[in-house]
Amino acid sequence: MAVTFLEADARFFYKILDHQHETELRLLQRGKYPICKIVKDEDKFIEVCRNWSGRRNLYAVLRERQPGLRKSATMFDIVAVQILVLDIDPIRAPETPATEDELSHAIEVGHHIAEWFERSSYKRPLLAITGNGVCLYFRIPRWQVTDANRYEITDTLQRFESWARQQFRTVLAKHNCQIDSMYDLPRIGRVIGTLNIKGEPTPTRPWRLARWLTQHPPVEDAELLKWLQSLKS
């Protein structure tokens with residue numbers, strides 16, 4: 001039987017989210033009504049992922065939600081940013097699984113970017129295959145979001161992505177990859193350890209499990225947050 005869930009990878013994903021309150025899971029599939037699950041602890045998170053991986057695409061709201069919220073989070077429900085994500089995807093037709101060659105190019109870009117941050121005296125980001133591309137995850141000290149700074153923080157996260165597209169434009173172009181938008185406060189990210197079932201699979205463009213490429217201990221990067229807050233448009 002084909003493996004459709006990697007529990008250890010999903011538990012590590014839950015750990016790096018470091019949510020102090022509930023975690024929102026969204027179970028999505030094209031043509032089907034979305035399902036939202038609010039879970040209070042790691043074991044419930046794993047239970048939902050195990051039950052649904054391979055049946056739906058599983059995503060989690062990345063940032064910290066307002067405690068006690070019983071609905072899908074909007075930008076006005078996010079109370080802290082504790083994680084940054086750069087999402088690297090090979091350029092191809094929408095809703096199309098990547099080939100092994102396309103995925104290998106995205107992985108190479110991901111390692112290039114991770115190494116740049118490490119050489120620049122920041123903490124090396126964690127790196128995971130999302131099925132068709134890769135994501136880099138940066139842990140930062142909790143950046144509290146209030147009504148007074150909500151739009152400013154959103155703009156800052158967008159500037160970070162714009163900076164990354166410019167900074168790494170050469171390697172992105174070389175490998176025919178792009179950085180997808182992940183800056184909005186209620187952004188969801190694929191749960192690592194679950195099966196990516198977007199699009200129709202073929203022998204050369206298969207569905208794949210999202211899995212970790214690196215699992216070093218996630219350490220908050222105070223210097224990265226300081227630099228992020230200094231970015232100007």
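**Strands, cores and aromatic pairs in a predicted model**

In strand β12, R211 is the bridge partner of I129. The model is a predicted one. I129 belongs to strand β6, residues 126–129, and β6 is joined to β12 (residues 211–212) by two bridges in the antiparallel sense.

**Strand β6 and its partners**

- I129 also has a bridge partner in β7, namely V134.
- Strand β7 covers residues 134–144 and runs antiparallel to β6, with four bridges between them.
- The hairpin of β6 and β7 has four residues between the strands, and G131 in this hairpin takes a positive phi near 120°.
- Strand β6 is covered on both faces: L126 and A128 are buried on one side, and L127 and I129 are buried on the other.

**The open sheet**

- Four strands make up an open sheet with antiparallel pairing, in the order β2-β1-β3-β9.
- The edges are taken by β2 (35–39) and β9 (188–190); each has a single partner strand, so one side of each is left without a neighbour in the sheet.
- On average, and with direction ignored, neighbouring strands of this sheet are turned by 30° against each other.
- Five bridges connect β1 (residues 23–28) with β2, and the two pair in the antiparallel sense.
- Within this pairing, L25 has K37 of β2 as its bridge partner.

**Nonpolar cores**

- The largest nonpolar core has 43 residues, and those that touch the most other members are V81, L84, I88, F117, F160 and F168.
- Helix α3 (residues 100–119) supplies the largest share of this core, with eight residues.
- With neighbours within four places in sequence left aside, F168 is in contact with H112, I113, W116, F117 and W163.

**Aromatic pairs**

- The whole structure holds 18 aromatic pairs.
- F12 and W212 have ring centres 5.1 Å apart and planes at 90°, so this pair is edge-to-face.
- Since F12 lies in helix α1 (residues 7–17) and W212 in strand β12, the pair ties together parts that are 200 residues apart in sequence.
- Both F12 and W212 are buried.
- The rings of F160 and W163 are stacked, because their centres are 6.2 Å apart and their planes at 10°.
- Helix α4 (residues 150–167) contains both F160 and W163, which are three residues apart, or about one turn of the helix.
- F160 and W163 are both buried.

**Aromatic cluster and a charge over a ring**

- One aromatic cluster is formed by W116, F117, Y122, F138, F160, W163, F168 and W227.
- Elsewhere, R55 lies over the face of W52, at 3.9 Å from the ring centre.

Definitions and conventions: Residues numbered from 1 in each chain as written. Predicted model: local features only at pLDDT ≥ 70, side-chain atom pairs only at ≥ 80, totals over all residues. Heavy atoms only, no water. Core = buried A, V, L, I, M, F, W, Y, C linked by side-chain atoms within 4.5 Å. Buried < 20%, exposed > 50% of the residue type's maximum accessible area, 1.4 Å probe, protein only. Contact = heavy atoms within 4.5 Å. Pairing = 2+ DSSP bridges. Axes fitted to C-alpha atoms, helices over the stretch in contact; angles between N-to-C directions. Phe/Tyr/Trp six-rings, centres within 6.5 Å; stacked < 30°, edge-to-face > 60°. Lys NZ or Arg CZ within 6 Å of the ring centre and 35° of its normal.
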